[in-house]
Amino acid sequence: MQQGNSCNSALSSSLQSNANANSSANASGGYGWAGALPAKQGLYDPANERDACGVGFIINIKGVPSHQILRDSEDLLCNMSHRGATGADERDGDGAGVMSAMPHKFLAKEFKNLHGCTLPPPGQYATGNVFLHKDDAIRQESMAVFEQTAKQVGLQTVTWRKVPVSSGILGPSGHSREPVVMQPLVVAMGEQLSEPDFQRRLFILRKRVIRDIGLDKWFYVCSLATRNIVYKGLLTPAQVPEYYADLRDIDFETHFALVHSRFSTNTFPSWERAQPFNWCAHNGKLQP
């Protein structure tokens, strides 16, 4: 992980099936995110799980980004609270989130202020929110695997940004498996890639690290792309902008927002099952 001048140097040079193990029972007898979900038993079979949710979409049809689009999407999401669900403690939501265009203005400010990095032009870098374990050793190991895998596909992880969150608003279930949220800054390694080639490598990277690191280590890539980013979690609709401080920053601008409120029906809620997914969201009866 590089910072300061070395960070800009790395950026400058660059401008030239979730695995079966993730769905199998782990040592604690559970499966999925942090081993929190029960394994197949009695009449329960995780293969039969389905969702029923609420989805909303707002866009500036001329492609003009603004913070108001994001604010309006928050109202849209909160108006779909009836399409989501909560636990016995109403602070525990079944999951909610928002997908937006890549907020280049906001990210340029954050990476510059925190790491001294000058971002490349839009489309020449990728980032996204990555869930990682709270344990320092496990988290560092996962980040190292991510960086090494990126190198294997011709990409470079320049630095990581820790996403500020408000953990105090979570209920007991959400808090018990709450991950650390980090944003990797990923660029091409020493060569300029075409957009399709860059996207292919990002897809391979995302799939490989989720498979190799695993949900049992609290690892999940919400999105990793050049054009869009996903903020989600085991939240209620109203908690999404409150939990993620990024979404309240006036410099966070987008021309569209896709929001989702999850009703888990006969499934178990967990952090990675919240939506939107990497490129889409659905209102139920489909498997991610």
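Me: Angles run from 0 to 180 degrees between N-to-C directions, with axes fitted to C-alpha atoms. At what angle does helix H4 run to E6?
Reply: In this predicted model, H4, residues 104-115, lies across both E6 and E7 and makes an angle of about 85 degrees with E6.

Me: What makes E6 and E8 edge strands?
Reply: The order of the open sheet is E6-E7-E5-E8, with antiparallel pairing. Strand E6 (155-162) and strand E8 (220-221) each have a single partner strand, so one side of each lacks a neighbour in the sheet.

Me: Why do E5 and E8 count as paired?
Reply: Pairing takes at least two bridges, and E5 (residues 130-132) has two with E8, in the antiparallel sense. They qualify because two bridges meet that cut-off.

Me: How do you know that the span of helix H7 agrees with what it should be?
Reply: H7 covers residues 195-213, 19 residues, and at 1.5 Å a residue these should span 27 Å. The end C-alpha atoms are 27 Å apart, so the two values agree. After H7 comes Gly214, with a positive phi near 95 degrees.

Me: What makes Leu155 stand out in the largest nonpolar core?
Reply: Among the 65 residues of that core, Leu155 is one of four that touch the most other members, along with Phe219, Tyr231 and Tyr244. Strand E7 (residues 180-188) gives the most to this core, seven residues.

Key: Residues are numbered from 1 along each chain as its sequence is written. This is a predicted model: local features need pLDDT of at least 70, side-chain atom pairs count only at pLDDT 80 or more; totals for chains, interfaces and linings use all residues. Side-chain values use heavy atoms; hydrogens and water are left out. A nonpolar core is a set of buried Ala, Val, Leu, Ile, Met, Phe, Trp, Tyr and Cys residues joined through side-chain atoms within 4.5 Å. Buried means under 20% relative accessible area, exposed over 50%, partly exposed in between (1.4 Å probe, protein chains only). Helices (H or I, at least four residues) and strands (E, at least two) are DSSP runs, numbered from the N terminus. Contact means heavy atoms within 4.5 Å. The expected span of a helix is 1.5 Å times one less than its number of residues.
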